[in-house]
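Me: I'd like to go through this one with you before I set anything up. Can we start from the contacts and work outwards?

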Amino acid sequence: MPMSEAEYAALLTRNPALREVSAQRHSQATATPTPSVALHAPPVVVTLTLPYPPSLNHAWRHVGTRTLLSAAGRAYRRTIATAVLAKWPHAVPRPLVGRLAVQTTIHAPDHRARDLDNVFKAVGDALQHAGVYMNDSQIDDLHVLRGAVTPRQGSIVVQITQITERANV
């Protein structure tokens, strides 16, 4: 089921960068006429090259009995939101709905041992927070690959394909 107006407004409230780009998209959408009939829309495929995330131990902090997103985690979320909005300004005005397939290639910054699933968790959560999709539970097909080491910086290449347009499939 598509996101309600209230849910979309709440998402925009939580993310000021997304709110700003949503306003830009709205002004661009009203300026450009769109075709009235589409027989079969091609599947939405988005490819993003993102910076390497902080480790989960650095992204989250324990304060008493609570677990909170650290300053490094918040900065990474902002960085991802900015990268998503720069790369994806016209493709889709709202988060993807329906079932998704995600292929991720992780290019670590060095040769240290890493759990790929932990790296993707940080990226997946940041993409959700940036409004690419409503919830990472939409992902039905997930492939996480180890790529070549990219010295000093690392990177993540994510390809997201919308499998179905309906959310309850």
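Predicted model: local features only at pLDDT ≥ 70, side-chain atom pairs only at ≥ 80, totals over all residues.

Me: Where is R114 found, and is R114 buried or exposed?

Reply: R114 is in the loop between strand 4 and helix 5, and with a relative accessibility of 18% R114 counts as buried, because the cut-off for buried is under 20%.

Me: Which backbone oxygen does the side chain of R114 reach?

Reply: The side chain of R114 reaches the backbone oxygen of R112, at 3.4 Å.

Me: And D115, how accessible is that one?

Reply: D115 lies in the loop between strand 4 (100-107) and helix 5 (116-129), and its relative accessibility of 49% makes it partly exposed. The C-alpha atoms of D115 and R146 are separated by 9.9 Å, with the two residues 31 apart along the chain; R146 is also one of the residues that R114 touches.

Me: Switching to helix 4, which residues are buried there?

Reply: The buried residues in helix 4 are G73, Y76, I80, A81, V84 and L85. They cover an arc of only 165° around the axis, so they sit on the same side of helix 4. In general, an α-helix has 3.6 residues a turn, so residues three or four places apart point the same way.

Me: What does the face turned away from the buried side of helix 4 carry?

Reply: That face of helix 4 carries the exposed residues R78 and A86.

Me: How far does helix 4 reach from its first C-alpha to its last?

Reply: Helix 4, residues 71-87, has 17 residues and reaches 24 Å, close to the 24 Å expected at 1.5 Å a residue.

Me: Now the strands: how many bridges join strand 2 to strand 3?

Reply: There are 4 bridges between strand 2 (residues 60-63) and strand 3 (residues 66-69), and the two run antiparallel. W60 has L69 as its bridge partner in strand 3. The two strands form a hairpin with 2 residues between them, and G64 in the turn has a positive phi of about 65°.

Me: Which residue other than glycine has a positive phi?

Reply: R152 has a phi near 70°, a positive value in a residue other than glycine. R152 lies in the loop between strand 5 (139-146) and strand 6 (155-162), and R152 is exposed, with a relative accessible area of 82%.

Conventions. Residues numbered from 1 in each chain as written. Heavy atoms only, no water. Buried < 20%, exposed > 50% of the residue type's maximum accessible area, 1.4 Å probe, protein only. Pairing = 2+ DSSP bridges. Polar contact = N/O pair within 3.5 Å; in protein donor to acceptor, adjacent residues only side chain to side chain. Contact = heavy atoms within 4.5 Å. Expected span 1.5 Å × (residues − 1). Arc of directions from axis to C-beta.
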